[in-house]
Amino acid sequence: MRIAAVYSFNCGEETIVSQYSAELEEVKQVIAAVDSTQCKTKTSREKTMPGRTLYSPRALNRAFTKEFERRGWKKHKVRCDYSAEYYVPGFAPGNSSKGAFREMDFVKNHVGVEVQFGKYAFMVYNVCAKMTIFHKMGVIDVGIEIVPIKLFAEEMSTGVSYFEQFVWDLEHRGVADIDIPVLILGVTT
């Protein structure tokens with residue numbers, strides 16, 4: 001695969017290039033090592049493209065996981081313990097946090113990477129919530145989000161979001177005090 005587009009959110013590119021260039025180079029190596037042709041395995045059952053062979057987001061995620069793990073990047077998972085203090089008197093929710101967790105796809109040297117070939121809401125959540133949470137926990141200082149560009153997303157199931165839409169929203173949202181530097185990489189085949 002290859003990088004087709006780059007967006008620097010909250011000085012993400014400048015910060016990562018100047019302070020985490022080795023990690024950025026590894027991320028670029030991972031992207032280049034993923035053979036997307038091996039991931040074009042999903043047969044569409046959608047009305048708009050019946051029988052068409054599409055890229056499988058699951059297969060793409062597995063390929064990225066293999067390449068990141070090969071270079072020593074690790075998933076970082078934290079358990080969520082939900083407080084019961086906000087429930088109204090008389091309501092007993094039981095153990096609502098059983099099995100609940102948050103996970104960063106890949107972490108190395110305080111750089112967090114999320115690979116997202118899914119719905120739009122997950123891209124926004126990754127950058128505007130999850131990366132901030134993991135930063136506050138001392139796990140990461142900066143983030144990198146890898147997403148498909150529109151041309152590539154059109155070769156997947158409907159509903160997969162893409163770089164251009166994501167960047168438009170981030171630009172119109174603006175940067176908040178709690179946002180960390182994030183580099184958004186738009187990829188394609």
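Is Arg58 buried or exposed? Arg58 is exposed, with a relative accessible area of 66%; here, exposed means over 50% relative accessible area, buried under 20%, and partly exposed in between, using a 1.4 Å probe and protein chains only. The views below show a predicted model, in which local features need pLDDT of at least 70 and side-chain atom pairs count only at pLDDT 80 or more, while totals for chains, interfaces and linings use all residues. Residues are numbered from 1 along each chain as its sequence is written, and side-chain values use heavy atoms, with hydrogens and water left out.

**View A. Five residues form a patch of positive charge on the surface.** The members of this patch are Lys42, Arg45, Arg58, Arg62 and Lys119. Arg58 belongs to helix α3, residues 57-70 (helices are DSSP runs of H or I with at least four residues, strands are runs of E with at least two, and both are numbered from the N terminus). Patch residues have over 30% relative accessible area and no salt bridge, like charges being joined within 9 Å and nonpolar side chains (Val, Leu, Ile, Met, Phe, Trp, Tyr) within 5 Å. Lys and Arg count as positive and Asp and Glu as negative, with His and the chain ends not counted; each charge is placed at NZ of Lys, CZ of Arg, CG of Asp or CD of Glu.

**View B. Tyr87, Val88 and Phe91 make up a nonpolar patch on the surface.** Together, these three residues have about 310 Å² of accessible area, calculated by the Shrake-Rupley method with a 1.4 Å probe, only the protein chains shown counting as cover. Phe91 is located in the loop between β4 (74-79) and β5. Ser83 is also found in the loop between β4 and β5. Ser83 counts as partly exposed because its relative accessibility is 35%. From C-alpha to C-alpha, Ser83 and Arg58 are 33 Å apart in space, and they are 25 residues apart in sequence.

**View C. A salt bridge joins Lys108 to Glu26.** Side chains of opposite charge can pair when their charged atoms come close. A salt bridge is a side-chain nitrogen of Lys or Arg within 4 Å of a carboxyl oxygen of Asp or Glu, and the structure holds eight salt bridges. In the pair shown, the closest N and O atoms are 2.8 Å apart. Phe106 is buried because its relative accessibility is 2%. Phe106 and Thr15 are 91 residues apart in sequence, and 18 Å separate their C-alpha atoms.

**View D. Glu67, Arg70 and Arg71 are linked in a network of salt bridges.** Within this view, the side chains of Glu67 and Arg71 meet with an N to O distance of 2.8 Å. Glu67 counts as buried because its relative accessibility is 8%.

**View E. Arg173 and Asp179 form a salt bridge.** The N to O distance between these side chains is 2.7 Å. Arg173, at 39% relative accessibility, is partly exposed, whereas Asp179, at 6%, is buried.

View F. A disulfide is a pair of cysteine sulfur atoms within 2.5 Å. For Cys80, the closest cysteine sulfur is in Cys128, at 18 Å, so the two are too far apart for a bond. Cys128 is likewise in no disulfide, the nearest cysteine sulfur being that of Cys11, 15 Å away. Both residues count as buried: Cys80 has a relative accessible area of 11%, and Cys128 has a relative accessibility of 18%.

**View G. Asn10 and His110 have positive phi values without being glycines.** Phi of Asn10 is near 55 degrees. Asn10 sits in the loop between β1 (2-9) and α1 (12-19), and a relative accessible area of 24% makes Asn10 partly exposed. For His110, phi is about 70 degrees. His110 occupies the loop between β5 (101-108) and β6 (111-115), and is partly exposed, with a relative accessible area of 36%.
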